[in-house]
Amino acid sequence: MPITDWPLGERPRERLILQGAGVLSDAELLAILLRTGTAGRSAIDLARDMLSHFVSLGGLLHAPVNELLEQPGLGPAKLAQLAAAAEIGRRCLAERVSQANALSHPDAVRDYLRLSYGFSVRETFAAVYLSAQNRVLAVEELSRGTLTEVRVYTRELIKSALRHNAASVILAHNHPSGETEPSRADRDLTVTLSKALSLVDIRLVDHLVITTTCCTSFAERGWL
């Protein structure tokens, strides 16, 4: 049955307006962005199928374009709407990060990094450069590797940190496998980078291992 034939109190758009977006399920929110379904399939049906295929909203919004276009009912126009929604969310988090003290409000930084890198299918290494007042100066992707590893060059990290006039740095990389436990190589690399940064009076305050759902902090483990 098309959504337009549903009782007004059950339609996602009307419920959002009357009760707020928070009451809607992931499928209902996605259906509002899709707007229309296909022959015999409502927008809710399509949304549920897509969420089942991509596992989560995050998986859907970060999926490759060619894979998204294979989904029934999802053409270039709807794909553009989804991409715009994802980018709006990322920019809102970026605003929150830029205005917050990164050490007093670490969740803002972690949420931004998870959204930006947590869904990448390849390991990606990034750095968050902080001022002396712990404000975020810049977030920069340093390198991108394979499914299981990424190379980081000490020289490039130091050059970038000095270019941004950073007083301290938060490092982050994702684990596409979903495993949150840092590897021995992760720990050894962190020690190497921390020592190198200290030579130019820049402090490494944390290294985060990111997945789609959470992150592990070296600082909280007592490793920094």
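Q: To begin, what do buried, exposed and partly exposed mean here?
A: A residue is buried when its relative accessible area is under 20%, exposed when that area is over 50%, and partly exposed in between; a 1.4 Å probe is used and protein chains only are considered.

Q: What kind of model is this?
A: It is a predicted model, in which local features need pLDDT of at least 70 and side-chain atom pairs count only at pLDDT 80 or more, while totals for chains, interfaces and linings use all residues. Residues are numbered from 1 along each chain as its sequence is written, and side-chain values use heavy atoms, with hydrogens and water left out.

Q: How many helices and strands are in the chain?
A: The chain has ten helices and five strands. Both are DSSP runs numbered from the N terminus: helices are H or I with at least four residues, and strands are E with at least two.

Q: What box do the C-alpha atoms fill, and how much of the chain is buried?
A: Along the principal axes, the C-alpha atoms fill a box of roughly 70 × 35 × 30 Å. Of the 224 residues, 41% count as buried.

Q: In what order do the strands form the sheet?
A: The five strands form an open sheet in the order 2-1-3-4-5, with mixed pairing. Two strands pair if DSSP finds at least two bridges between them. Strand 2 (136–144) and strand 5 (215–217) are the edge strands, each pairing on one side only. On average, neighbouring strands of this sheet are turned by 20° against each other, direction ignored.

Q: How many bridges join strand 1 to strand 2?
A: Seven bridges join strand 1 (residues 124–130) to strand 2, and the two run antiparallel. Alanine 127 stands opposite glutamate 140 in strand 2. Strand 1 and strand 2 form a hairpin with five residues between them.

Q: And what is the phi of asparagine 134?
A: Phi is near 65° there, a positive value in a residue other than glycine. Most residues other than glycine have a negative phi. Asparagine 134 lies in the loop between strand 1 and strand 2, and it counts as buried because its relative accessibility is 19%.

Q: What about asparagine 165: buried or exposed?
A: Asparagine 165 counts as exposed, because its relative accessibility is 65%. Its phi is also positive, near 55°, and it is placed in the loop between helix 8 and strand 3.

Q: Back to the sheet: how many residues of strand 3 are buried?
A: Seven of its seven residues are buried, so strand 3 is mostly covered. In a regular strand the side chains alternate between the two faces of the sheet. Ser168, Ile170, Ala172 and Asn174 point one way from strand 3, and Val169, Leu171 and His173 point the other way.

Q: In which sense does strand 3 pair with strand 4?
A: Strand 3 (residues 168–174) and strand 4 (residues 203–210) pair in the parallel sense over seven bridges. Serine 168 has arginine 203 as its bridge partner in strand 4, and valine 169 has leucine 204. With strand 1, strand 3 pairs in the antiparallel sense over six bridges; here leucine 171 is the bridge partner of alanine 127.

Q: Changing topic, at what angle do helix 8 and helix 9 pack?
A: Helix 8 (residues 154–163) and helix 9 (residues 184–198) pack at about 45°, with their axes 10 Å apart. That makes helix 8 oblique to helix 9. Axes are lines fitted to C-alpha atoms, for helices over the stretch in contact, and angles run from 0 to 180 degrees between N-to-C directions. Angles under 35 degrees count as roughly parallel, over 145 as roughly antiparallel, 65 to 115 as roughly perpendicular, and the rest as oblique.

Q: Which hand does that crossing have?
A: Helix 8 passes helix 9 in a right-handed crossing. A crossing is right-handed if the near helix is turned clockwise from the far one by less than a right angle, and left-handed if anticlockwise.

Q: How do helix 6 and helix 7 cross?
A: The axes of helix 6 (residues 76–99) and helix 7 (residues 106–117) cross at roughly 150° and come within 9 Å. That makes helix 6 roughly antiparallel to helix 7. Their crossing is left-handed.

Q: How many aromatic pairs does the structure hold?
A: It holds one aromatic pair. Phenylalanine 218 and tryptophan 223 form it edge-to-face, at 5.1 Å centre to centre and 85° between the planes. Rings of Phe, Tyr and Trp (its six-membered ring) pair if their centres lie within 6.5 Å; planes under 30 degrees apart count as stacked, over 60 as edge-to-face and the rest as tilted. Phenylalanine 218 is buried, with a relative accessible area of 1%, whereas tryptophan 223 is partly exposed at 26%.

Q: What sits over the ring of tryptophan 223?
A: The charged end of arginine 187 does, 3.8 Å from the ring centre. The criterion is that NZ of Lys or CZ of Arg is within 6 Å of the ring centre and within 35 degrees of the ring normal.
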